[in-house]
Amino acid sequence: MNFSPLSRLAAATLAALALAGSAAAKSVELLNVSYDPTRELYVEFNTAFAAHWKAKTGDDVIVKQSHGGSGKQARSVIDGLRADVVTLALAGDIDAIAKNSEALPADWQTRLPHNSAPYTSTIVFLVRKGNPKGIKDWDDIVKPGVSIITPNPKTSGGARWNYLAAWEFAKRKFGSDDAAKAFVAKLFKNVPVLDSGARGATTTFVQRGIGDVFLSWENEAFLAVKEFGSDQFEIVVPSLSILAEPPVAVVDKVAKRKGTTEVAKAYLEYLYSDEGQDIAGKNFYRPIDPKFAAKYAAQFTKVELFTIDQAFGGWAKAQKEHFDDGGTFDQIYLKN
Amino acid sequence: MKYPRSLRAATTAAALSALALAPLAGRAQTAPSDDIAALREQIHQLDQKLRVLERNSELKDEATTAAAAKTPVVNADAKGFSLTSADKKYSLRIRANIQADGRYYFEDREAGIDTPDAFVLRRIRPSFEGTVAEKYGYRLMFDLANNQVQLLDAYATYKYSDAFSALFGKTKSPFDLERLVSQTNLLFIERSFPTLLGPNRDTGVQVYGDFLTGRLSYQAAYLDGASDGSSLETESGGNDGKDAVVRLFTHPFKNDQDSFLKGLGLGFAYSTGTREVGTGAFRAYTSNALVPFFQYGSTVRPDGSHDRVSPQIYFYKGPFGVMASYTESIQELVTTTVVGGVNTITPASKRADLTNRAWAVNVNYVLTGEDTGYSTNPKPAQDFNFEAGTWGAWEVAARLSQLSVDEATFAGAGTGTFANRNTQAQRIDSYSLGVNWYLNRNVKASLNFEHSEFQEADASTADFENENAILSRVQLSF
């Protein structure tokens, strides 16, 4: 078959364009829907991952972030926010996404090491410099005249960790769930403002100058002291706190539709890498890698920690009993 | 309620002043340090309360803003009633148009034929249109006039970009310039003769878009096929033939703000299709006052090709406008014999390619100075308000138009092969004058005077009288 010179030129041009297209670097965009206080962590981590991915594959990756109260963020994803990955405050929120949208499997937590939690944290108290109200432990904060800042457990993952830490402290000290409920009721009587997320609560305490004690994510407390100065605030570590394990997951349905599954998986796996663990430690999260846990051990005060499985039988049970509509938080707060 | 930070500052200042003055006031009696500590604590408590109030107010505002970002927007305005999602990806707009006409005929074209004066509901058209998932659109429009329900528009659209959109379903064929003007924005009460030779509504697929920053528009359609001036459903019986329609329109100076010719638009439309015997009888050609003046013989049917061409032009500048179009419709017709109730081609059938032609020139001027344009009504600078002495917008218009039927239609033995030369006119020339009163954006009143003169075919025994009529319309649309 004899083609005209023009036809041959056209075919060659098309072939060259096709090859050029396939050789050109791809640009991939991911949306990471995260909880409130992880902004600084992911600014640093995203830069590191982008460099790593570029070096490995030659492709560019841009990670867009969305931050807010963990529960609120989960609801946004359920309602259609197209997150490639979620990095939320607690497993219960990602369980809710799996259950209500079927965008990822129910056993998502088994897909990454350490129950899909690449770092841990806990709850501490942030107080004014000099600790004018003499706060040392949980029972100091429920005294009359002490104003507590904590976000709303209905929307904030951090607030739920706060609530459960207080509950378990009271249950161990006073011996029953009823006593714990009364204790937590007293705690919320001292709460004048309920922000929707941890960062909003930080704003309330640190910038608006409201409250005597802020029930804070450990990393958030360190960040506040670092940003505003140790002449403004102090960190008080209670005698007992909860081991918070903020998990991460790929949202399979979205990643598949957007063609980002490979990058999204690599993104979360990089949190477990040496660089990822080092960034976590630098941002005041407790690395799970023993090498980096040891490196950053000195910056964290030793505290007795319990897990949600040990004290509450897991997140599904705790969510249903305490934070679902009509749960103990509603009973406490509406009564107050 | 927002408590200004100045209130907090003022309260704190007042308390501190009281504290400062305390030693002076108490010179005669020293205040214990416990009292000062208590006072300081009170000030601190007060300060905290104010801060809490401010912060709660701030959070409430944030929650309201966040809720508003998800709340659908409901609108009711001159363009109708609409509901739009917060992200604007989903919408529904409900519109309607009611036209109440009056027709008064001075003289009838033919002795013995009395065209009754009438008040009629010309159009009652509710429509539902909107978007789904941002890029997909839909429209349904019904006509409830004449005691029947007609589905006029029913289509879905997809917009890929300004340069490419697709439409699937039934709507106006993209051919005739005046047909494509919305029935709420017509310059005259009735469209003119080129519209009689072009297709009305049709069903199929259309693609359309703009290039060159809007200076060049295209429409292309593959449709089921419609006779002159008709919509698909006026044809009965099967018709395997389809119509292809292409229209190009350009606004060469559209983006040149200083150009005198900014409002110039010119274009060209072409359609080609095939027809088969078995389709229904032809629609009569009517005068601008809706009086029939030409009808093919009852056994004449299309059979074969049907092509149309239409050059089109308009120019609008400020309150002045002119619009003109010319249409030729060339189709193969055949005479048939009814056999067993079916129109059938027989050896005796006569066949011909016949070309009908029409043109119209409209000129309009908005006396009150508002801008005019293609397929838009002038927007009154001031709505009609008798008490306030404001009178809306007023517009005058004039039109010359003509339609001529191919002379060969009337040739042949007897009274003519394809039409009766003694009862059907070969040509109509119409002269129209119109006044439009736009009371506001939604209400319009129109008055037209139509004068039509008829030409008989060669060898016709007819002698058609001129037709004079006054048409009126009150229109409400939103």
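The model is predicted, so local features are given only at pLDDT of at least 70 and side-chain atom pairs only at pLDDT 80 or more, whereas totals for chains, interfaces and linings use all residues. Residues are numbered from 1 along each chain as its sequence is written, and chains are lettered from A, and ligands numbered from 1, in the order in which they are written. B:Ser217 belongs to strand β9 of chain B, residues 216-223, strands being DSSP runs of E with at least two residues and helices runs of H or I with at least four, numbered from the N terminus. With neighbours within four places in sequence left aside, B:Ser217 is in contact with B:Asp210 and B:Phe249, contact meaning C-beta atoms within 7 Å. B:Asp162 is 55 residues away from B:Ser217 along the chain, and the C-alpha atoms of these two residues are separated by 9.9 Å.

**Where chain A touches chain B.** Eight residues from chain A and six residues from chain B take part in this contact. The chain A side consists of three nonpolar, three polar and two charged residues; Ala, Val, Leu, Ile, Met, Phe, Trp, Tyr, Cys and Pro count as nonpolar, Asp, Glu, Lys and Arg as charged, and the others, Gly among them, as polar.

Strand β3 of chain A, residues 85-87, runs antiparallel to β10(A) and is joined to it by three bridges, and A:Val85 has A:Val250 as its bridge partner in β10(A).

**Helices α3 and α4 of chain A.** The axes of α3(A) (residues 70-78) and α4(A) (residues 91-101) come within 9 Å and cross at roughly 20°, axes being lines fitted to C-alpha atoms over the stretch in contact and angles running from 0 to 180 degrees between N-to-C directions. The two helices α3(A) and α4(A) are therefore roughly parallel, the term for angles under 35 degrees, with over 145 roughly antiparallel, 65 to 115 roughly perpendicular and the rest oblique. A:Ser70, A:Gly71, A:Ala74, A:Val77 and A:Ile78 of α3(A) meet A:Asp93, A:Ala96, A:Ile97, A:Asn100 and A:Ser101 of α4(A). This contact has five nonpolar, four polar and one charged residues.

**Helices α9 and α10 of chain A.** The axes of α9(A) (residues 198-207) and α10(A) (residues 218-228) come within 11 Å and cross at roughly 40°, which makes α9(A) and α10(A) oblique to each other. A:Ala198, A:Thr202 and A:Val206 of α9(A) make the contact with A:Glu220, A:Ala224 and A:Phe228 of α10(A). Helix α9(A) is mostly covered, with eight of its 10 residues buried, among them A:Arg199 and A:Phe205. Just after α9(A), A:Gly209 takes a positive phi of about 65°.

Terms used
Two strands pair if DSSP finds at least two bridges between them. Two residues are in contact if their C-beta atoms, placed from the backbone, lie within 7 Å. A residue is buried if 20 or more other C-beta atoms lie within 10 Å of its own, exposed if 12 or fewer, and partly exposed in between; C-beta atoms are placed from the backbone.
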